[in-house]
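Please examine the sequence and the model shown here before reading on.

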2 protein chains.
Amino acid sequence: MADILHRIGATAPLEKVYDALATCDGLAGWWTTGTTGESAVGGTIQFRFGDTGGFDMKVLDQRPNERVEWEVTDGDPAWIGTRITFDLRREGDDTLVLFKHEGWREPGEFMSHCTTKWATYMLSLKRLVETGTGTPYPRDVRISGDWH
Amino acid sequence: MADILHRIGATAPLEKVYDALATCDGLAGWWTTGTTGESAVGGTIQFRFGDTGGFDMKVLDQRPNERVEWEVTDGDPAWIGTRITFDLRREGDDTLVLFKHEGWREPGEFMSHCTTKWATYMLSLKRLVETGTGTPYPRDVRISGDWH
């Protein structure tokens, strides 16, 4: 098993970063504008990226201003059964986001692509909470010609 | 042991991307302007980031238009002994870069930070070979208040 890890700090209140991770409106502001569903624990959130499909995530945990955890229940086979966690804490003037996408069965090219792509979305999250405007799909940063 | 993996595609010739990885001038254009040393196999490259120090890398392998591999010989203790590899190949209109920073003893917060930070440098490399201008240190993208 292999994991994708990221760490980013945003100069924004803990509550604001948590809202961007724990509500569909917040998620639509930095990951994909195609975010719908039920973001409370036990609910399922649908993330869609136009014609290329997307993912369904079951919300496993939500602790206000601390943690959000999802399990991938539908989408690319490489993602199904993996878990995504965001842990938050204050550090100086920053709200730190510790991101983990864990349980990859194969640390291959697709995981490498997703690692880089997640970084662009973490930067989008930072921009959203600091400036009010992120770069969610379809305004996301393209990192290659073949896999977007 | 844990590894950092990235995958990025640049609309630029293989030779241009290889030069950006295999020469000090090229590396200074996307990673840090403080790049000096001997970039041939067996040589050591010094990467410096102003007052915060930097890394020495021994060049283990260089295969024109295919691969560059380094071993970290000095710098942050977490990096010493780790290896960094760039594998290149053509895919459609892109030159693909498969990046690996392998041999981390602990998949902790510092590795998470370095994963995100490497992504910003991969995007800088892409920008350099596509447009002629990257964002190497000290013009690099700051991702947190505490760890730059």
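## Overview

The model is predicted. Over all chains, the structure holds 42 aromatic pairs.

## W31(A) and F55(A)

One of the 42 aromatic pairs joins W31(A) and F55(A), whose ring centres are 6.4 Å apart. The planes of these two rings meet at 10 degrees, so the pair is stacked, given that planes under 30 degrees apart count as stacked.

The two residues come from distant parts of the chain. W31(A) belongs to the loop between helix 2 (24-28) and strand 2 (34-37) of chain A, while F55(A) is in strand 4 (residues 54-63), 24 residues apart. Both W31(A) and F55(A) are buried.

## W31(A) and W70(A)

W31(A) also pairs with W70(A): the ring centres are 6.2 Å apart and the planes lie at 5 degrees, so this pair is stacked. Because W31(A) is in the loop between helix 2 and strand 2 of chain A and W70(A) is in strand 5 (residues 67-74), the pair ties together parts 39 residues apart in sequence.

The relative accessibility of W31(A) is 2%, so W31(A) counts as buried. W70(A) has a relative accessible area of 1% and is therefore buried; the cut-off for a buried residue is under 20%.

## Charges over rings

Two contacts involve residues of both chains. R7(A) lies over the face of W147(B), at 3.7 Å from the ring centre. The charged end of R7(B) is placed over the ring of W147(A), 3.6 Å from its centre.

Technical notes
Residues are numbered from 1 along each chain as its sequence is written. Chains are lettered from A and ligands numbered from 1 in the order in which they are written. This is a predicted model: local features need pLDDT of at least 70, side-chain atom pairs count only at pLDDT 80 or more; totals for chains, interfaces and linings use all residues. Side-chain values use heavy atoms; hydrogens and water are left out. Rings of Phe, Tyr and Trp (its six-membered ring) pair if their centres lie within 6.5 Å; planes under 30 degrees apart count as stacked, over 60 as edge-to-face and the rest as tilted. Helices (H or I, at least four residues) and strands (E, at least two) are DSSP runs, numbered from the N terminus. Buried means under 20% relative accessible area, exposed over 50%, partly exposed in between (1.4 Å probe, protein chains only). A charge sits over a ring if NZ of Lys or CZ of Arg is within 6 Å of the ring centre and within 35 degrees of the ring normal.
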